[in-house]
Amino acid sequence: MSATTAAAVPRQAKRRNRSHRLPLGALFGVAWFGLMVVVALTVQWLPIHDIATPAGPSNLSPQWAREVLGTDEVGRSVLSRILYGARTSLAIGLAATLLGMVVGGLMGLFSVYFKGTVSWLVDILATTVLAIPSLLFLLAIVLALEPSIPVLIWSLSVITIPPFMRLARANALSQMSSEYVEAAQVMGASAGRIIFKELLPNAALPVISYAVLVLPSLIVVEGSLSFLGFGVQPPTPSWGGMIALARPKLTTAPWGAFIPCAVLFLTVYSLNQIGDHLRVRFDVRDSNL
Amino acid sequence: MRSLVLRRLTQFIPVLILVSLVAAGLTELIPGSPGQRVLGEFATAERIADFDAKIGADLPFFERYASWLGNALRGDLGVSPISRIGVSQAILNTMPVTLELAGLTMLISLMIAVPLAVLSAGNEQSAADRIITGGSAAILAMPSFVVAVSVTHVIAVQLGWVPSFGWNRWSAGVGAHLKTLALPLLVLVSVVAPIFTRVLRADLVATLRQDFVLSARARGFSDARILFLHVLRPSLTSLLTLTGLVFGYLVGGSIVVETFFGVPGLGQLVARSINSKDILVVQGIVLYVAFAYLLLNLLVDILQALVDPRLREAR
């Protein structure tokens, strides 16, 4: 990408935005995900039952007048646990995505600037992470260290580093030979200046829009871990944990499993729709993710 | 071609060494020695020291690492002090079931994805295209355990067609085997097929915009002929890359699916070993799975160069 087209991209995107409405899926995505974020931020002030104490008899079916979404097998409110679960899932997912994005993105930019050995080393590290299936890697970490929330966050962020690194590198690589980077180099700009002031701004948008797709995948992985019993530990509510807890009661009380399933599905679907839309808009170059 | 293989090999070996270091390093992260963990908190200090000395856990890290890796290269991953099973044997015993599931998943997913992607890309923006892209986006948003819970509820509980849990080997009869195979396979296909469909559709759409398609149309070739004989082959690159990556998904996915449906495969062995803190088994699986992953991706690279001559020189 030359300097002139790079400058033209945002203007074009704005024009496109005016002529085309947001697709229906992305619109729904923004609405649902926005709701989840608001819920996660305000859950302790909402007029709902406490998550630790029983709200009614166990396995109560959903009733509008009593418990909107029913109760689980020890009588806790499913609604309260879903809403608190939103906080758990989003907090872990967002923290891990941000951490992976910053570390992976910087690794990509550094490997573009320093080339040679640094680039080779970064590549080897990324391939090593990719070679171990992520769920197996996470389970191994959890086996060695207890599954606390900080451990989950950093281990989840490790598995996102290779794709972020490759994406940042693919987007910065073409700029290294552009006139403006050359001009900065001739002026004697330091490595830090070129990486942060010249390469970073142009690689940032694609990387951030890709992060919107990484977040739902991490929510799913965290859900899988919690479902297997190796993720978020009870009594902290998590969607995956709720599904696992309700599974033996699938014949008599299926809502206990289906409600968290539906919420998880809607959240992942929403983020995928937003992410796909952003990806098309900011032209993310996929590089063998 | 030779330079491509050589270039991959210069990555292969350092990565394998790093993976083995990561796997071996897991032991260092766990607090307490193996003796303490196996014999419990009431064991005397001498007994713990004896136990550690017997399995060589008192040696420095790199000595233990060297002997573990040396034996692993000869196919011997040691005997677990917790479950007292030979790790290599346990992996070999459980591997065929997981490979059967993974192989069938790939095959069925391709059989679903290729026609759907061709139909969808060949009629861009049509009703069929919208249903296929919308449907695959929806299924893609369902985590494997959500699909597992749903299909168990509908097919096993409500309809009662197949058992919801358990595994019959081939020796129990083909029908009985297929009945226990159906649900795990359905769940894994629901994860893989939509990914294949999406990726292949995107590549096909891009290829269809190229000039050689226009010239083929101008010469009066039928749409079906153009799609299957001209466009499909140059559009396979991403799909091939993906098969290498999907292998990783399938190993991870098999952990969820096999524990959910009680399939005695590698995934169940992982879950069980994590539960009993049987680290030696997990280390062995990490090492062998990573080796298989690297080998498979090398194979994919070679295959890609065969499918697409442009890749033999570039990259």
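Predicted model: local features only at pLDDT ≥ 70, side-chain atom pairs only at ≥ 80, totals over all residues.
**A chat about chains A and B**

Visitor: Okay, what's the phi of K115(A) like?

Guide: Phi of K115(A) is near 50 degrees, a positive value in a residue other than glycine. Most residues other than glycine have a negative phi.

Visitor: And is K115(A) buried or exposed?

Guide: K115(A) counts as exposed, because it has 12 C-beta neighbours inside 10 Å and the cut-off for exposed is 12 or fewer.

Visitor: Switching topic: how many residues does each chain give to the contact?

Guide: Chain A gives 34 residues and chain B gives 41 residues. On the side of chain A that touches chain B, the elements giving two or more residues are α4 (116-131), α5 (134-144), α8 (191-228) and α10 (255-281) of chain A. By class, that side of chain A has 24 nonpolar, eight polar and two charged residues.

Visitor: Which residues have the most contacts inside the largest nonpolar core?

Guide: They are L136(A), L139(A), I243(A), V270(B) and V286(B), in a core of 143 residues. Helix α8(A) supplies the largest share of this core, 16 residues.

Visitor: What does L139(A) touch?

Guide: Leaving aside residues up to four places away in sequence, L139(A) touches F230(A), V270(B) and I274(B).

Visitor: Now chain B. Where does α5(B) bend?

Guide: The bend is at M95(B), by about 35 degrees, and a proline, P96(B), follows within four residues. Helix α5 of chain B has 36 residues and reaches 50 Å from its first C-alpha to its last, close to the 52 Å expected.

How values were computed. Residues numbered from 1 in each chain as written. Chains lettered and ligands numbered in written order. Contact = placed C-beta atoms within 7 Å. Nonpolar A, V, L, I, M, F, W, Y, C, P; charged D, E, K, R; others polar. Expected span 1.5 Å × (residues − 1). Bend = angle between axes of the 7 residues up to and from the residue. Core = buried A, V, L, I, M, F, W, Y, C linked by C-beta atoms within 7 Å. Buried ≥ 20, exposed ≤ 12 C-beta atoms within 10 Å, placed from the backbone.
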